[in-house]
Amino acid sequence: MFKILALVACLAVIASAQYYGGDHGHHHEDHHHAHPKYKYEYGVKDSHTHDHKSAWEHRDGDVVKGQYTLDEADGTHRVVDYHSDHHHGFQAHVQRKGHAHHPHGESYANIDQHH
């Protein structure tokens, strides 16, 4: 949980630095015409919880490119590549690698539903 909070805090700092141009001494810049540009990436590989995921994204003006990956609960690995720009809109290519498997002997039908 701490890793995710640290990531969010870092992204907020990066975004605000980009929004304000990184120079807090000059506030006369017109932010409505600023050229947004940033890059970020992060990853989590927790052997205790088996939480494995990563992401990166680059933006230059109206063009955004990125990818995220994660290990699904069923044992597959998801990879999503995406691109967005003014001319083509948002496009994503999703891949699932590996074969899904579920624990033997467990079923939602076997869950005790007494409240």
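Two strands pair if DSSP finds at least two bridges between them. Strands (E, at least two residues) and helices (H or I, at least four) are DSSP runs, numbered from the N terminus. Keep both rules at hand for the tour.

The model is predicted, so local features need pLDDT of at least 70 and side-chain atom pairs count only at pLDDT 80 or more, while totals for chains, interfaces and linings use all residues. Residues are numbered from 1 along each chain as its sequence is written, and side-chain values use heavy atoms, with hydrogens and water left out.

**Whole chain**

Start with a cartoon view. The chain has one helix and five strands. Along the sequence the pattern reads α-β-β-β-β-β. Now colour by accessibility. Buried means under 20% relative accessible area, exposed over 50%, and partly exposed in between (1.4 Å probe, protein chains only). Of the 115 residues, 13% count as buried.

Accessible areas come from the Shrake-Rupley method with a 1.4 Å probe; for residues, only the protein chains shown count as cover. The chain exposes about 9500 Å², and carbon and sulfur atoms supply 56% of it.

Contacts come next; the term means heavy atoms within 4.5 Å. Among contacts in the chain with a separation of 6 or more, residues 24 or more positions apart account for 14%.

**The sheet**

Select the five strands. They form an open sheet in the order β1-β2-β3-β4-β5, with antiparallel pairing. Residues 37–46 are β1 and residues 89–97 are β5; these two stand at the edges, each with a single partner strand, so one side of each has no neighbour in the sheet. Neighbouring strands are turned by 5 degrees against each other on average, direction ignored. That angle uses axes fitted as lines to C-alpha atoms (for helices, over the stretch in contact), and angles run from 0 to 180 degrees between N-to-C directions.

**β1 and β2**

Select 37–46 and 51–60. β1 and β2 pair in the antiparallel sense over ten bridges. Pick E41: W56 in β2 stands opposite.

Move to V44, in strand β1. V44 is buried, at 12% relative accessible area. Leaving aside neighbours within four places in sequence, V44 is in contact with D51, H52 and K53. Draw a C-alpha to C-alpha distance from V44 to A55: 9.3 Å in space, eleven residues apart in sequence.

Now pick H50, in the loop between β1 and β2. What is the phi of H50, which is not a glycine? H50 has a positive phi of about 65 degrees. Most residues other than glycine have a negative phi. H50 counts as exposed, at 58% relative accessibility.

Rings of Phe, Tyr and Trp (its six-membered ring) pair if their centres lie within 6.5 Å; planes under 30 degrees apart count as stacked, over 60 as edge-to-face and the rest as tilted. A search of the whole structure finds two aromatic pairs. In the Y38 and Y40 pair, the centres are 6.4 Å apart and the planes stand at 20 degrees, so the pair is stacked. Y38 is partly exposed, at 24% relative accessibility.

Select 63–71, strand β3. Eight bridges join β3 to β4, and the two run antiparallel. K65 has H83 in β4 as its bridge partner. The β3 and β4 hairpin has five residues between the strands, and G75 in the turn has a positive phi of about 95 degrees.

A hairpin joins β4 to β5 through three residues. Check two positions across this pairing. V80 stands opposite V94 in β5, and D85 stands opposite G89 in β5.

**Salt bridges**

Show charged side chains. A salt bridge is a side-chain nitrogen of Lys or Arg within 4 Å of a carboxyl oxygen of Asp or Glu. The count comes to three.

- D51 and K53: closest N and O atoms 3.3 Å apart. D51 is partly exposed at 26%, and K53 is partly exposed at 25%.
- E72 and R78: closest N and O atoms 2.4 Å apart. E72 is partly exposed at 22%, and R78 is partly exposed at 25%.
- R96 and D74: closest N and O atoms 2.4 Å apart. R96 lies in β5 and D74 in the loop between β3 and β4, so the pair ties together parts 22 residues apart in sequence. R96 is exposed at 52%, whereas D74 is buried at 13%.
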